[in-house]
Amino acid sequence: MRFCVLGSGSKGNCTLIESGITSLLIDAGFSGKEITRRMALINRSPEDLDAILITHEHGDHVSGAGVLSRRYKLPVSNPATHQAAATRVKQLHQRWEFDTGTGFVVSDLDIHPFRTSHDTVDPVGFLISDGVNSVAYCTDTGKITTLIRQRLRQCQALILESNYDPAMLLNGPYPMHIKQRVRSNHGHLANNDAAAFLVELCDTEVQHVMLAHLSETNNHPDLVMAQVQQQLGNRARNFHLELARQDRPSRLITVGENKSEQKEGEGEETISFQRQDGRGESCIRP
Ligand SMILES: [Zn+2]
Ligand SMILES: [Zn+2]
């Protein structure tokens, strides 16, 4: 499997996940044009997509979903969220709906949507597996629930929210009611909460962690890395840690063995995660 966070933050979220046979987007929070541009940067096209999975109806997750869906006739999956997003997404050619908590299949990928804790009608994260490896996506959640804990322990690669620094939020420019919303159990995940959760994941198969949905107002990339490294201590070497950016795609990252041939020119951009003997030495740059 491979994944690339095409962009993440309050101005738009979009992640590509592919098996070599199947190609999915999680969220489409940029314009259709911008998503097409970002996919082209990693030699991909919306024409290759099999589905767009939507986590929840906020604009930074669905703004391009309707356009892409109408242009490429993609099934956009979601439950009550579909109705809540209807004014933004508008008319669709076709759509799938799933029950939150019930797995479904898109071609050779198993998709397990799980409930997150956010102030929308039916917010979800996803655990996506090709039968051997899995990638989990979990942003826009005010807390790590027991269910989220269970799901995220099963993956090899994790895209996890690290939205704000509590002190920056407290002293920042947001009005009090927005500050309260962000830090509530149905808001966003703080850096220290993300880091504390990573500590819990040290004894799992999670090898690659992409911290995402960083606030531009209440956070800073250097601060996130410093805080997470500090809380993890020596355990930081258990993970290959990276930050997703708002303005540009991440590298295209390979998780486990790939089912298909590598496309030309991608060799230097990928990381292979075949584990050697012992944790902390498991990341091999090709
Ligand atoms: Zn949201
Ligand atoms: Zn969001």
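Which residue of β12 is the bridge partner of L160? The model at hand is predicted, so local features are given only at pLDDT of at least 70 and side-chain atom pairs only at pLDDT 80 or more, while totals for chains, interfaces and linings use all residues. Residues are numbered from 1 along each chain as its sequence is written, and chains are lettered from A and ligands numbered from 1 in the order of writing.

In β12, L160 finds its bridge partner in L211. This bridge belongs to the parallel pairing of β11 (residues 157-161) with β12, which spans five bridges. Strands here are DSSP runs of E with at least two residues, helices are runs of H or I with at least four, both numbered from the N terminus, and two strands pair if DSSP finds at least two bridges between them.

On to the sheet as a whole: seven strands form an open sheet with mixed pairing, in the order β7-β8-β9-β10-β11-β12-β13. Because β7 (104-106) and β13 (240-243) each have a single partner strand, one side of each is left without a neighbour in the sheet.
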